[in-house]
Amino acid sequence: MADNCTVITMIRENLDNTLSFAAWYLQLGAAKIVMFFDDPNDPAIVRLQQLERVECIPCTPEFWKSINTVPKHVMRKQKAIFT
């Protein structure tokens with residue numbers, strides 16, 4: 001993986017899967033991982049936000065309002081985030 005590669009994802013997984021996901025991409029050499037958490041109370045946020053190359057963004061109601069949308073379906077959430 002190129003050392004300037006950024007991984008962006010919207011995630012809602014159990015703690016082990018989320019931590020494994022981040023570890024996998026960090027080990028591959030991702031310069032940064034931006035993780036949008038569909039569950040704003042996800043316990044992985046506390047663990048991952050301590051890592052220098054990981055940015056955690058909880059998708060709270062305030063977050064959705066800040067990007068001028070409040071989507072209800074997963075595909076629309078992903079489209080809004082990636083846009």
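1. Helix H1 comprises 14 residues, 15-28, and at 1.5 Å a residue it should span 20 Å, which agrees with the 20 Å that separates its end C-alpha atoms; the expected span is taken as 1.5 Å times one less than the number of residues. Helices (H or I, at least four residues) and strands (E, at least two) are DSSP runs numbered from the N terminus.

2. A word on provenance: the model is predicted, so that local features need pLDDT of at least 70 and side-chain atom pairs count only at pLDDT 80 or more, while totals for chains, interfaces and linings use all residues. Residues are numbered from 1 along each chain as its sequence is written, and side-chain values use heavy atoms, with hydrogens and water left out.

3. The buried residues of H1 are Thr18, Leu19 and Ala22, where buried means under 20% relative accessible area, exposed over 50% and partly exposed in between (1.4 Å probe, protein chains only). They cover an arc of only 95° around the axis, which puts them on the same side of H1; the arc is that of the directions from the helix axis to the C-beta atoms. On the other side of H1, Asp16 and Gln27 are exposed.

4. The buried residues of H1 pack against strand S1 (6-11), strand S2 (32-37) and helix H2 (44-48), contact being defined as heavy atoms within 4.5 Å. Threonine 18, which belongs to H1, has a relative accessible area of 0%, and, leaving aside neighbours within four places in sequence, threonine 18 is in contact with Ile11, Glu13, Met35, Phe37, Ala44 and Leu48.

5. After H1 comes glycine 29, whose phi is positive, near 105°.

6. The 3 strands form an open sheet in the order S1-S2-S3, with parallel pairing; two strands pair if DSSP finds at least two bridges between them. Because S1 and strand S3 (54-58) stand at the edges, each with a single partner strand, one side of each is left without a neighbour in the sheet. The twist averages 15° from one strand to the next, with axes fitted as lines to C-alpha atoms (for helices over the stretch in contact) and angles running from 0 to 180 degrees between N-to-C directions.

7. S2 and S3 run parallel and are joined by 5 bridges. Helix H4 (residues 74-82) packs on the sheet, touching S1 and S2, and its direction makes about 150° with that of S1.
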